[in-house]
Amino acid sequence: MPKHEPVLLKNMLQPGYTGSLADYERAGGYQALKKVVGKVAPADVTAMVIKSGLRGRGGAGFPTGVKWNFLPKDYKGTKYLCCNADESEPGTFKDRQLMERDPHQVLEGIAIACYAIGAETAYIYIRGEFVLGSKILDQAVTEARAAGYLGKNVLGTGVNVDIWVHRGAGAYICGEETALLESLEGKRGLPRVKPPFPATSGLYGKPTVINNVETLANLPHIVNRGPEWFASIGSPPKSAGTRIFCVSGHVKRPGNYEVPMGITCRELIFEQAGGMRGDKPLKAFIPGGASAPFLTPDHLDVKLDFESVAQAGSMLGSGGVTVMEEGTDMVWAALRLMEFFHHESCGKCSPCREGSSWLVQTLRRILAKRGRMEDLETLVQLCNNIAGRTVCAFGDAEVAPILSTLKYWRPEYEALIREAEAHRAHELPMAAARH
Amino acid sequence: MPNVAVETVKLTIDGQSLTVPKGTLVIEAARQVGVMVPHFCYHPKLKPDANCRMCLVEIEKIPKLQTACSTPVAEGMVVRTATTVVNEAHKSVLEFILANHPLDCPVCDQGGRCDLQDFSHEYTPTTSRFIEVKRVFQKEYFSPLIEKQMNRCVQCLRCVRYCDEVMDVKALAPVNRGTMTEIKHFGTHELDCEFCGGCIQICPVGAITSRLSMYEFRPWMLKRADTVCTYCGDGCQITLQTKDNQLIEVNSSLGAGRNNGDLCARGYFGYHATTHPDRLTTPLVRRDGRLVPATWDEALEYVAETFAQLKLKHGAQVFAGVITARCTNEDLYLFQKFMRLAVGTNKLDSSARYGQVNAVRALCRIQGTHRWPVTFEDIAAAEALLLVGTNITEANPITGLRVKEAVKKHGATLLTVESLQPTVGTISNIANLAAHHFTAHPDQYKPVVLGLIKAVIEEGLADQPLSQKAPAYLQAIRDAVHALSWPTIEAATGSSAASFKEAARAFARTARAVIIVGAGVLREPGASGLAATLQDLLLLTGHHGRPGCGLAPLAEQNNDQGAVEMGTVTECLPGPCDLDDQEARARVSALWQEDLPQGPGLTIPEILEEARGKTLKALYLVGEDPVGSLPESARAKEALEGVEFLVCQELFLTETAQMAHVVLPACSYAEKDGTFTNTEGHVQQVRHAIEPVGESRPDWEIFSDLAGLMGYPLEYGDAKDLLKEIRALVPGYNLPGPTPKPSRPDHTAVDRYLQQGYAEDLGERYRYTPPVKAAGRLTLLVDQSLFHSGKFSTKAKGLLHLQAEGAVSLNPADAARLGIVEGDRVLLSNELGHCRTTAKVWDRIPAGLCRFPEHFDQEARRLLSVSIDVATGVPYYRSAQVKVEKAQ
Ligand SMILES: Cc1cc2nc3c(=O)[nH]c(=O)nc-3n(C[C@H](O)[C@H](O)[C@H](O)COP(=O)(O)O)c2cc1C
Ligand code: SF4
Ligand code: SF4
Ligand code: SF4
Ligand code: FES
């Protein structure tokens with residue numbers, strides 16, 4: 001029996017729960033939708049979500065209801081909701097489980113959000129590799145439509161909510177909300193320049209809200225149990241509710257753990273995930289997906305909520321917690337992540353495009369024992385020249401592994417470089433070699 | 001453009017305060033106070049993409065640096081572009097951009113005019129700390145005219161965005177990700193697009209360059225001359241760049257000319273025609289039946305003498321002259337003065353006869369003025385546009401860009417009536433942007449227009465004031481359209497009544513509407529009538545005479561409009577004024593201090609007719625080649641054979657010139673000075689870029705010398721002298737004007753039309769008689785193609801790379817029915833003859849039609865008959881009924 005009461009994972013933890021419509025209804029599914037559609041004014045649903053303190057689970061942690069309120073007020077035309085199910089952040093695998101194991105919970109959340117913001121069409125932009133998830137969602141949409149929860153005239157209220165599942169084509173950047181919109185429109189998935197923000201000009205130029213799967217999955221519970229209930233979980237007021245942390249790496253029991261925000265890193269890693277694999281000491285961990293800077297054992301008592309993790313110099317991000325044991329080569333770890341970012345930089349803007357290729361090559365060189373001491377200064381400067389100067393937040397993310405490993409484990413870099421220097425001392429000068 | 005009050009915003013940039021219109025981007029505001037923010041991806045024509053990050057600036061109260069190219073100004077904004085932080089940012093972004101750049105400036109054609117070089121010079125140290133491996137792209141063949149060097153690309157996407165946003169061609173796309181992002185075209189074949197050269201011009205570095213001039217120059221070696229392209233009536237300003245008297249390349253700069261820096265393939269790649277090795281370099285005189293070189297003195301004296309003898313013997317009425325409307329205003333003006341004074345006849349005409357006189361007549365009749373009532377800017381700002389009979393992208397590409405701008409940038413509603421279908425292809429198709437498109441064969445334009453008018457009347461969209469102002473006129477139209485039933489119109493056009501009503505509503509319910517007509521209207525029988533009916537549509541919807549609204553007929557030739565204004569069409573004196581307008585005659589003769597000749601003028605068809613009747617003894621053809629350009633049924637060859645003395649003034653030894661007694665070599669536009677008047681009536685300066693080829697001379701100089709030898713001195717120091725004289729007779733020639741002021745309708749003319757003028761031909765114009773068509777025939781349309789226009793484009797090697805032969809394009813269903821597949825040899829035939837050609841199957845061609853490009857129609861011309869407009873003397877020979885079959 002888990003120590004904390006799960007909310008989002010509750011159904012699927014019941015033995016025999018299949019995620020079918022019947023199972024979901026038996027567990028109280030779609031009651032929230034019935035409660036609000038046609039009965040509560042949309043603006044009051046939004047107010048409820050604001051009151052609950054729900055913040056986005058996609059990465060940036062933006063207050064959800066506040067985001068909805070950015071939609072133009074007197075606008076009568078088409079609006080869209082996009083559910084961001086691109087989940088490509090390394091070390092993150094919660095949305096996948098939510099969609100595969102309890103799809104109706106996500107659909108109900110989407111339907112409630114659509115009702116609140118006045119959108120009749122929602123798209124689930126699902127990561128291309130999630131073939132199973134997309135099939136399950138498609139099937140669930142069909143069931144829900146047949147049961148009158150979706151489609152035209154939801155539950156006979158005259159409200160329309162149509163949901164379409166759209167599979168991506170394999171680019172990390174398409175999780176960035178504006179690149180997602182471009183991709184959904186059939187274009188190359190490149191982030192857009194903001195402003196305009198999607199709330200005013202999003203999908204096909206229409207006002208659009210983009211929310212993460214987990215964010216949306218919280219909505220039925222907020223409706224059913226009330227915003228006050230939600231706001232009492234975790235570390236309110238800024239970090240209310242539970243988070244599904246995806247623990248991976250050198251732990252005994254990797255997996256998804258839904259806990260109230262505000263438990264410590266130590267509790268998550270050592271109690272929930274069973275502690276270190278092979279009982280080696282912990283050396284490093286990433287608290288919020290590949291984009292979040294590394295933390296050290298000194299940070300184990302940091303609370304897992306938005307503010308505390310930020311204060312510790314990292315971020316809660318996507319909730320992907322990757323743990324590394326003593327003996328892990330941190331330069332290698334940084335390179336591994338940098339390879340990912342280099343591979344995924346969309347190439348739209350110069351600092352990220354060129355910077356990622358420069359950084360990755362320099363790291364490879366250092367690891368291959370061909371580094372120079374001045375490379376370290378260059379790395380820091382390049383990182384600082386990327387962060388804050390790019391079109392999208394990818395630029396800020398990609399420098400995290402290098403800057404944080406340089407901050408905490410600089411001697412590892414220096415050792416590699418000293419070895420390189422020792423090698424070079426034995427090399428013949430080039431001019432001499434040519435003779 | 002109307003002066004609407006614009007909201008303004010006050011801000012400070014580097015300590016200077018300024019007020020700019022709301023919505024202005026910081027980078028543009030900065031430019032206004034002389035602050036240049038470095039940039040690559042920004043371009044005033046394109047939507048901000050903010051991808052290069054070069055333009056970062058500091059804005060007070062915003063913690064992060066902002067991109068000046070995408071940030072609109074705000075009230076009280078304080079911008080700093082040169083602080084330490086900003087300078088550092090510029091340096092670092094440039095360091096990133098240079099990291100993967102090959103630095104092959106010594107072999108790059110952009111070197112010396114490259115933004116990357118310039119900014120590097122300003123912002124970066126001379127050494128680089130990048131010691132990693134640079135990315136290298138596999139070099140691949142791109143196209144015969146455009147070279148791509150992706151290693152130099154800074155991925156600003158200006159090329160891709162231009163090709164999409166401005167051209168609507170969408171030929172380019174970035175492919176792959178990150179540093180390996182590469183600009184490519186679609187498909188495995190070479191680039192296939194409009195070849196406007198825009199991507200070359202807009203690329204800030206040397207990643208996309210012209211192959212026509214590759215490795216031939218360094219930019220600082222080039223001499224520049226701003227002049228005007230001669231390929232169509234749009235009148236684009238171009239900069240001819242030369243080295244050692246050779247044309248090296250053509251450019252156009254942003255903001256310059258009516259084209260604002262945009263060009264089409266003809267303008268950008270067509271410049272080699274003028275320096276083709278076949279250019280005539282000396283005068284030729286026929287001796288013993290052969291044309292042999294002669295000196296200018298010999299040739300001119302011979303012409304002057306023969307002219308004098310013939311005049312003495314037969315009088316001046318046996319002379320006639322025709323000049324091409326591709327000449328400068330100065331040439332055209334002096335030609336008619338020469339014919340009227342030195343020769344003494346009004347029998348002169350110009351190639352404006354082939355269509356432009358229809359345009360001018362329609363304007364004069366119902367508007368009282370002879371120029372467009374709108375400008376290019378008005379087209380871009382229009383809320384509704386109706387295009388009739390113009391495949392505008394191929395005929396007048398730059399006017400077409402203004403239409404695209406109206407639709408794509410400002411959301412205008414476009415209605416098109418044209419002989420093509422909305423399908424996607426390698427050349428942009430204006431019909432694709434239309435909210436309502438009516439596919440029409442040439443003989444269907446009229447019923448479509450009548451359908452629109454009927455819909456306006458029946459949907460109650462007619463302008464209210466008109467019913468008080470001109471009740472009889474309104475009633476006459478009402479009666480006329482009632483007499484036409486919807487089933488008749490539907491059968492005649494293939495479009496439903498509902499579609500007409502919808503289109504009529506879209507057109508009528510706007511504040512700014514422009515109608516653009518092209519060759520499909522102006523060069524088909526019934527032209528002047530249809531143009532008048534379109535003016536009815538404007539009158540009925542209240543758009544006539546409203547600023548920013550009106551009828552804009554497209555000129556095909558670069559100086560069509562000038563030819564009419566110079567009095568170089570037979571019914572006009574300079575002004576243009578009617579030939580028998582006594583007041584005008586007095587004015588002209590006072591200025592010339594000479595009596596004007598009496599006697600009628602002759603149109604080109606009439607001149608040929610008289611020549612065939614042997615009443616014409618001498619014919620002076622300047623740049624006109626009737627044998628080579630008219631259909632055989634015009635029997636031009638037979639006519640010219642009957643002329644005793646034929647003088648041709650030409651650039652090349654054309655089919656007609658080969659028959660001449662004397663051939664005088666003239667300069668091309670690249671070698672002379674003067675002015676052209678474009679389709680919208682804008683007078684623009686032509687400047688020579690190279691010295692005359694061989695001994696060729698500007699046309700006006702030849703007229704002047706001949707006149708002197710004939711004892712009627714017409715002496716001018718230079719082209720400017722001539723322009724001064726023109727100014728005294730023709731309004732609107734006070735060069736240079738920034739933007740033309742469109743002519744305002746003359747109310748007396750409009751009223752005259754509304755009170756009784758309409759009645760002259762309204763019955764005829766609103767009557768519809770279905771055409772009789774022989775079963776099993778297709779309508780052959782000989783039409784302008786994008787890659788060729790004028791008489792010399794087939795001498796331009798660049799354009800020949802793009803299109804070197806003609807083929808008949810067929811609708812897929814017709815082709816299938818006839819058992820024809822792409823590439824088959826086919827036989828086209830009718831009563832007049834037959835021709836063999838290759839078939840192209842193209843879904844842009846509507847059923848029942850087939851299309852042949854005008855410039856390769858030598859053979860196909862045999863199938864065309866000529867009909868002549870009784871009102872305007874315009875010869876029509878654009879379409880015919882033909883049988884199409886697979887050749888055995
Ligand atoms: C490079 C990049 C990748 C992202 N990938 C994802 C993703 O896979 N899933 C996701 O929900 N949000 C992702 N985001 C965040 C989204 O842009 C957006 O903030 C989020 O979907 C908003 O939903 P929320 O408010 O519910 O968190 C990404 C952001 C960036 C900059
Ligand atoms: S920061 Fe990177 S991923 Fe984001 S737009 Fe720029 S190049 Fe693309
Ligand atoms: S030349 Fe071709 S590819 Fe380049 S902008 Fe013009 S149409 Fe597009
Ligand atoms: S080819 Fe030129 S215009 Fe196009 S993206 Fe590269 S640098 Fe920019
Ligand atoms: S010019 Fe502003 S980002 Fe490129």
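Visitor: Which domains does the assignment give for chain A?
Guide: The assignment, automatic or from a database, divides chain A into domain 1 (10-231), domain 2 (238-325) and domain 3 (330-426). This is a predicted model, in which local features need pLDDT of at least 70, side-chain atom pairs count only at pLDDT 80 or more, and totals for chains, interfaces and linings use all residues. Residues are numbered from 1 along each chain as its sequence is written, while chains are lettered from A and ligands numbered from 1 in the order in which they are written.

Visitor: How far apart do the C-alpha centres of domain 2 and domain 3 of chain A lie?
Guide: Those centres are 24 Å apart. Domain 2 of chain A gives 8 residues to the contact and domain 3 of chain A gives 11 residues, two residues being in contact if their C-beta atoms, placed from the backbone, lie within 7 Å.

Visitor: What classes of residue are on the domain 2 side?
Guide: The side of domain 2 of chain A that touches domain 3 of chain A has 6 nonpolar, 2 polar and no charged residues. Here Ala, Val, Leu, Ile, Met, Phe, Trp, Tyr, Cys and Pro count as nonpolar, Asp, Glu, Lys and Arg as charged, and the others, Gly among them, as polar.

Visitor: In what order do the strands of the 4-strand sheet in chain A run?
Guide: The order is β8-β7-β10-β9 (chain A), in an open sheet with mixed pairing. Strands (E, at least two residues) and helices (H or I, at least four residues) are DSSP runs, numbered from the N terminus, and two strands pair if DSSP finds at least two bridges between them.

Visitor: Which strands stand at the edges?
Guide: They are β8 (255-260) and β9 (282-286) of chain A; each has a single partner strand, so one side of each is left without a neighbour in the sheet. From one strand to the next, the twist averages 30 degrees.

Visitor: What packs on that sheet?
Guide: Helix α13 (residues 265-272) of chain A does, touching β7, β8, β9 and β10 (320-325) of chain A. The direction of α13 makes about 135 degrees with that of β8(A); axes are lines fitted to C-alpha atoms, for helices over the stretch in contact, and angles run from 0 to 180 degrees between N-to-C directions.

Visitor: Turning to ligand 2, which residues come nearest?
Guide: Of the 14 residues around ligand 2, C346(A), C349(A), C352(A), T390(A) and F394(A) come nearest; a residue is near if its C-beta atom, placed from the backbone, lies within 6 Å. Two or more residues of the shell come from each of α16 (350-367) and α18 (394-398) of chain A.

Visitor: And which come nearest to ligand 3?
Guide: C163(B), C193(B), C196(B), G198(B) and C199(B), out of 13 residues around ligand 3. That shell divides into 10 nonpolar, 2 polar and 1 charged.

Visitor: How many residues does each chain give to the contact between chain B and chain A?
Guide: Chain B gives 28 residues and chain A gives 24 residues. On the chain B side, helix α2 (residues 84-99) has the largest share, 6 residues.

Visitor: At what angle do α9 and α27 of chain B cross?
Guide: Helix α9 (residues 356-367) and helix α27 (residues 747-755) of chain B cross at roughly 85 degrees, their axes coming within 6 Å. They are therefore roughly perpendicular to each other, a term for angles of 65 to 115 degrees. R365(B), I366(B) and Q367(B) of α9(B) make the contact with A749(B), V750(B) and Y753(B) of α27(B).

Notes. Angles under 35 degrees count as roughly parallel, over 145 as roughly antiparallel, 65 to 115 as roughly perpendicular and the rest as oblique.
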